[in-house]
Amino acid sequence: MILLICAALGLSHAYAQFTVGAKAGLNVASIGNVTVYPSNPLPGDLESWTLEYGYLPGAHVGGYARYAFSPLFSVQTELLYSQMGYKISIPTVDLRGHVYDNVTGRMRMHYLNLPVLFRLTVPGSGLFAEVGPQPGLLLGSHGSIRTKTGERVGDVAGASGPATTFDLSGVAGLGYRWKNGLALSAHYVHEFKTSEKEFIPRMTRKYAVQLSVAYDIKTF
């Protein structure tokens with residue numbers, strides 16, 4: 001048994017490869033479980049609104065470093081600029097004393113993310129699965145509120161805006177890598193740390209689907 005373990009460690013050391021590359025792609029993001037308890041009374045017996053939410057497309061771009069322990073197992077660390085966000089339909093809102101009905105809010109958030117992904121590759125194939133944590137730093141945010149006619153009636157902006165500065169999410173996905181270093185992948189990103197701010201999202205979590213193209217620039 002000891003000989004087998006030593007042999008496996010020796011094979012892993014002999015195979016070990018370090019690769020750097022670049023990736024970019026599309027984010028399709030939103031939030032869930034959006035319930036608001038306004039300070040002003042609502043019509044009838046309503047105490048809260050459950051808002052309708054929608055998806056907001058964005059982009060991500062950055063680089064990565066991958067260490068392959070064997071043909072089957074590797075760890076990839078990425079540094080990405082990533083756009084998250086959401087759209088919500090609001091029944092009524094009071095802005096500077098003027099009440100607007102059936103408005104749409106859009107919020108764009110800009111993150112610097114550091115995913116750490118553990119990758120398993122199917123033997124004899126380029127197909128892989130990966131999962132891991134994704135810490136993120138909120139760089140800034142901006143948003144707008146528009147009426148049904150498209151009139152912009154409100155803005156939300158600031159360095160921290162509607163979310164906490166530090167974000168922690170989980171990432172899981174599948175992909176395929178060709179021998180020339182080109183790879184395509186799809187990931188699901190789900191936020192674990194909820195916002196502590198009073199503005200939306202207050203007790204919600206962000207999520208997104210990511211579609212990426214990556215290329216291994218150099219292997220050492």
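Analyst: Happy to! Let's begin with a term we will need: strands are DSSP runs of E, at least two residues long, numbered from the N terminus. Keep in mind that this is a predicted model.

User: How many cavities of 30 Å³ or more does the structure hold?

Analyst: The general idea comes first: rolling a probe the size of a water molecule over the atoms shows where empty space is left. Here, there are 3 cavities of 30 Å³ or more. The largest cavity has a volume of about 90 Å³. It is lined by 15 residues, and those closest to its centre are Q76, R119, F128, A183 and A214.

User: Which strand gives the largest share of the lining of the largest cavity?

Analyst: That is β12, with 3 residues. At least two lining residues come from each of β5 (56–68), β6 (73–95), β9 (127–146), β12 (182–191) and β13 (205–219). Sorted by class, this lining has 7 charged, 4 polar and 4 nonpolar residues.

User: What lines the second largest cavity?

Analyst: The second largest cavity holds about 70 Å³ of space. Among its lining residues are M84, Y111, N113, Q134 and D167. Others in this lining include H190, E191, K206 and Y207. Again β12 provides the largest share, 3 residues, while β7 (98–113), β11 (166–177), β12 and β13 each supply at least two.

User: How does the lining of the second largest cavity divide by class?

Analyst: For the second largest cavity, the lining has 4 nonpolar, 4 polar and 3 charged residues.

Methods. Residues are numbered from 1 along each chain as its sequence is written. This is a predicted model: local features need pLDDT of at least 70, side-chain atom pairs count only at pLDDT 80 or more; totals for chains, interfaces and linings use all residues. Side-chain values use heavy atoms; hydrogens and water are left out. On a 1 Å grid over the protein atoms alone, a cavity is a set of points where a 1.4 Å probe fits but cannot get out, and a pocket is an open set with protein on both sides within 12 Å along at least five of seven lines; lining residues have an atom within 4 Å of a point. Grid points are joined across faces, edges and corners, and a volume is the space filled by probe spheres set on the points. Helices (H or I, at least four residues) and strands (E, at least two) are DSSP runs, numbered from the N terminus. Ala, Val, Leu, Ile, Met, Phe, Trp, Tyr, Cys and Pro count as nonpolar, Asp, Glu, Lys and Arg as charged, and the others, Gly among them, as polar.
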